[in-house]
Amino acid sequence: MAATRRMTVSQALIEFLAHQWTVDGEIRERTIPGVFGIFGHGNVAGVGQALKQLNVDQPDLMPYHQARNEQAMVHQSVGYARMHRRRGTFASTASVGPGATNMLTGAALATTNRLPALLLPSDTFATRVADPVLQQLEQPWDIGLTVNDAFRPLSKFFDRVQRPEQLYSIALGAMRVLTDPAETGAVTIALPEDVQAEMLDVPVAFLQDREWHIRRPLPEPGALARAVAAIRRAKRPFIVAGGGVIYSGAEEALKTLVEATGIPAGTTQAGGGSLVWDHPLYLGAVGATGTTAANRLASEADVVIGIGTRYSDFTTASRTAFRDPGVQFANINVAAFDAYKHGTQLPVLADARETLVALAGELAGHRVEGSYAERIAREKAEWDAAVDAAFAPSGRDLPGQPEIIGAVQSATAPEDVIVQAAGSLPGDLHKLWRVRDPLGYHVEYAYSCMGYEIAGGLGAKRGLMASGDDRDVIVMVGDGSYLMLNSELLTAVAEGIKVIVILIQNHGFASIGHLSETVGSERFGTKYRQYDAEARNFQGDEVLPVDLAMNARSYGMDVVEIAPGRGSIEALRAAVVAAKESDRATFIQVHSDPLIYAPDGEGWWDVPVPEVSTLESTRRARAEYERLRQAQRPLLGTEGAQ
């Protein structure tokens, strides 16, 4: 008879997770190196007790980390997963009710970004012996429905442990998805509070080390041959490098391919770091937040080679970026859902690195024409000069965001990691930040979640520390996003985790304020101002007396306040240098002028404008919208198919 151990469901699950290993070639690491948790009604006697028991019996087996917000726990997991190229992530345990639903935004973010995160929300009694319990949702048309069912559409895997015996198949199914290179994201195991504490005899084999090998599928010969033929015929090929390049560790393979063929590349937000900024064939960001260099060549491309990209509307500039009438898309992706996008008849369903290596071999001796190579160099030089001008000190009392980015860039090391997520910063960083390391750029822009930055940056730093990497993590955040979720600053202080947070204070929502102007809404509701009772809005000039530096100081952060003035940019640069030399978490506040924008990259984003309005500003915006929309194509990638 097989050996067993008598344990609760929670004890068995936590110990099982502690013995899971991800293997990627020669790399072997813990799939779940720790658990974030906020304990309350539902998990304090289940998962909480299991973590406590392990902390006493085997303290190194499954480390527990406190958090201040359940959403932020998932954000930390995602930041960690990005730094580990999806080989590892954290588990997050929450209580019944609001503790569980606080994780919904994090679940959506993880799944949208194709990054793994394990969620363990507590659930109400499976036995229903005490119905209705505290925080229980009751729907008379479906008594079995609980708030945890809201995770179903947000998760790549969802199941509920209704009986102890179900744990084995559920836990193994969850691990399969967490380590799946194509279908990963939020993995949710709902745990009823009574089942968490129930006993079962657990086979010892379930608790032993188990390895999950990352699949790196090779391209099928026929699919590869069709893509190669299209590339060889192309006069103006162009590469769109997405997050799949980073997750498969394909940067060197991409570099080899572009150098051998002369094909230029642009990157999505997730693909930042696929090539270093000064590589002669890297034209920078592509799409709505792209550079003129990348967007001009993308607009004329006859074959677009998409590598590990999901082709968001920002990447395609709302289907205006790729304008050649016969453009073809050769999509290389491990996920069929993404490989077949835009009607392509040239999908290559395979690992990015393996396919790039194969392409380099099949395209040996092939190079783009000399005139195209000259155009690439000319466009890159023009954009690099535009960035230099944007970074140049202006001497203004309130510098613009591009100048602030330039100052931070100049004070950081090549390997440092920039973290951002929402507002105007993602667009400016996508255009301007000169990425110098494959892991040096982490802008969460699939979900573009305000409040991700600090928690995600903390997770990124945890990921680096776990790898023995002491590079700095620089979190840049606007005041609007900071106010959404800043409590994990206390987590950084409590654990002595060094992050550098740079708050850009512009007293409002800079990005949406600018967008509001372009759609004719005149920045309504985007300024942080005292309420004007007579006008019944917040559009006045009286700025709110907020002191976010004091808020950060109250968490125990080291705080540097950069006063407005002609020397503010040099003071900011010096503050970043000092923060890098420190071993403590540092918060730096700098004031900006939100009306100074980054250089125009000739990209567009489709935000519909009302067709009728009493506002003249809206009518003008509608006319401009109609003009710009003329370049939009309802269908891409099929006209030129062979």
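1. The model is predicted. In it, 19 residues line the second largest pocket, and those that lie nearest its centre are Asp123, Thr124, Phe125, Gly144 and Thr146. The space in this second largest pocket amounts to about 190 Å³.

2. Sorted by class, the residues lining the second largest pocket comprise eight nonpolar, seven polar and four charged ones.

3. The largest pocket holds about 1300 Å³ of space. Its lining consists of 47 residues, and Ser511, His514, Leu515, Thr518 and Trp605 are the closest to its centre.

4. Which elements give two or more residues to the lining of the largest pocket? They are α16 (425-432), α18 (479-484), α20 (510-518) and α23 (616-629). The element that gives the most is α20, which supplies six residues.

5. With regard to class, the lining of the largest pocket contains 22 nonpolar residues, 18 polar residues and seven charged residues.

6. On the surface, a nonpolar patch is formed by Phe39, Val44 and Tyr64, which together have about 250 Å² of accessible area. Phe39 is located in the loop between β4 (35-37) and α2 (47-57).

7. Why does Phe39 count as partly exposed? Its relative accessible area is 34%, and partly exposed denotes values between the limit for buried, under 20%, and the limit for exposed, over 50%.

Terms used:
Residues are numbered from 1 along each chain as its sequence is written. This is a predicted model: local features need pLDDT of at least 70, side-chain atom pairs count only at pLDDT 80 or more; totals for chains, interfaces and linings use all residues. Side-chain values use heavy atoms; hydrogens and water are left out. On a 1 Å grid over the protein atoms alone, a cavity is a set of points where a 1.4 Å probe fits but cannot get out, and a pocket is an open set with protein on both sides within 12 Å along at least five of seven lines; lining residues have an atom within 4 Å of a point. Grid points are joined across faces, edges and corners, and a volume is the space filled by probe spheres set on the points. Helices (H or I, at least four residues) and strands (E, at least two) are DSSP runs, numbered from the N terminus. Ala, Val, Leu, Ile, Met, Phe, Trp, Tyr, Cys and Pro count as nonpolar, Asp, Glu, Lys and Arg as charged, and the others, Gly among them, as polar. Patches are made of residues with over 30% relative accessible area and no salt bridge: like charges are joined within 9 Å, nonpolar side chains (Val, Leu, Ile, Met, Phe, Trp, Tyr) within 5 Å. Accessible areas come from the Shrake-Rupley method with a 1.4 Å probe; for residues, only the protein chains shown count as cover. A salt bridge is a side-chain nitrogen of Lys or Arg within 4 Å of a carboxyl oxygen of Asp or Glu. Buried means under 20% relative accessible area, exposed over 50%, partly exposed in between (1.4 Å probe, protein chains only).
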